[in-house]
Amino acid sequence: MHFFNYRGNRFYAEGVPVERIAKEAGTPVFIYSQKTLKRHYRAFDGAFKGVRRLICYSVKANSNLSVLKTFAKMGSGFDIVSRGELFRVLKAGGDPSKVVFSGVGKRDDEIEYGIRKNILMFNVESAQELRAIDSIAKRLKKRVCVAIRVNPGVNPKTHPYIATGFKKNKFGIEAKEALKEYVYAKENLKNLSLTGVDCHIGSQITEIAPFIDALKKTRNVVETLRREGLDIRYLNMGGGLGITYGDETPPHPSRYGKEVVMGTKGLDVTLIFEPGRNLAGNAGILVTKVLYTKKGTLKNFIVTDAAMNDLPRPSLYGSYHAIKPVVMPGGKKEITADIVGPVCESGDFLARDRDITEVKPGDLISVMSAGAYCFSMSSNYNSRPRAAEVMVLGRRFFVVREREVAEDLIKGEVLARPLFSGG
Ligand SMILES: *Cc1c(COP(=O)(O)O)cnc(C)c1O
């Protein structure tokens, strides 16, 4: 549930008319509802009441400092996939002792930064990475906690680009191989503390079964490792719980929680979760202005000032985002149209063949469910400054990231003199 609703014919973010935000912050603009972020965190965390757990919000879903700070203040940990994300978490006041570092390709400097900042643990994705972390830890005279990301070989039934739990995917280590690595590391990699087992099978998962399958397999791994004498204290179930963009009916966190708690009964571990989309996805919208409308022979087009560089999911995955007018037009006719941006790619669309009440230039529309994997995936393609981000708090709102300006686009670029001096 989220706090973007109509009051009469006007669309509100919590207690603020969306129109007012667009007027002050300009368009395109991302609007986040803090109340929604908090509600989603509480719903997720509350699903595990009574069991030892650590919720590590997955930073890549939405890494705005104010979003991170909102979660940090609620006691959340963080799941990071880069040095840059750890930098953000620390800037936002996140507690490094609640940070887990995931990712299939961590560089030495990233591993060192994580160790120096005393993060909770690394989720390790290859035999070579295990050795790299051990040798860096040795140089720094530290002992570092690690979990191996086990690829459980399950079908998460989601878009192929965000499925990670198949054996053919680049992520994690297959269970049998992982067991060998744990035993090897215990004997030989003395600067590692093998305290966790990790898995993450994909994103936008809308059924419970793949999670249960993965849980069975990882539970098995935990039990086998304990028989081998390893002291496994953490079981990390990753993220992936889906949300409703259109007509999906993902399990509620409480149902997910119930199943996971049941499946880990008697295991005596601290559970770690890495939800991203589930917390942030429906806590944000993108508001964009209609620039032009045009009628082709085959199609109607609505050209907006937001494009694939602002909200890449439709272009990247063919994703559906609901579209709502910011001011509900009274009694206008419905048309079917493609809602497209100004970028020079035919793949630049926010929605295709969408039924929408007729709009005219200057009207505002909001793209729903834009809180996760939208701004964080945005780019400057076509030299388009990135959108502003706004956080709403009841009846107030704050610009939490300024709209980029032309100077931001060329930051760091230089006209290297020899190139142009004729010599
Ligand atoms: C992306 C990612 C997540 C978050 O996935 P969501 O679907 O947003 O919950 C969690 N863990 C890892 C390792 C990831 O790569």
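This is a predicted model: local features need pLDDT of at least 70, side-chain atom pairs count only at pLDDT 80 or more; totals for chains, interfaces and linings use all residues.
**View 1. The three-stranded open sheet.** Three strands are arranged in the order E1-E2-E3, with antiparallel pairing, and together they form an open sheet. Strand E1 (4-7) and strand E3 (16-17) are its edge strands, each of them pairing on one side only. Strand E2 (residues 10-13) runs antiparallel to E1 and is joined to E1 by four bridges; within this part of the sheet, Phe 4 stands opposite Ala 13 of E2.

**View 2. The packing of helix H5 against helix H6.** Helix H5 (residues 108-116) and helix H6 (residues 127-139) cross at roughly 55 degrees, and their axes come within 10 Å, an angle that makes H5 oblique to H6. The crossing of these two helices, H5 and H6, is right-handed. On the H5 side the contact is made by Asp 108, Ile 111, Glu 112 and Ile 115, while H6 contributes Ala 132, Ile 133, Ile 136, Ala 137 and Arg 139. Sorted by class, the residues in the contact of H5 with H6 are six nonpolar and three charged, with no polar residue.

**View 3. The packing of helix H8 against helix H9.** The axes of helix H8 (residues 209-227) and helix H9 (residues 253-263) lie 10 Å apart, and the helices pack at an angle of about 25 degrees; H8 and H9 are therefore roughly parallel to each other. Their crossing, that of H8 and H9, is right-handed. Phe 211, Ile 212, Leu 215 and Arg 219 of H8 meet Tyr 256, Glu 259, Val 260 and Gly 263 of H9 in this contact, which by class comprises five nonpolar, one polar and two charged residues.

Key
Residues are numbered from 1 along each chain as its sequence is written. Side-chain values use heavy atoms; hydrogens and water are left out. Axes are lines fitted to C-alpha atoms, for helices over the stretch in contact, and angles run from 0 to 180 degrees between N-to-C directions. Angles under 35 degrees count as roughly parallel, over 145 as roughly antiparallel, 65 to 115 as roughly perpendicular and the rest as oblique. A crossing is left-handed if the near helix is turned anticlockwise from the far one by less than a right angle, and right-handed if clockwise. Contact means heavy atoms within 4.5 Å. Ala, Val, Leu, Ile, Met, Phe, Trp, Tyr, Cys and Pro count as nonpolar, Asp, Glu, Lys and Arg as charged, and the others, Gly among them, as polar. Two strands pair if DSSP finds at least two bridges between them.
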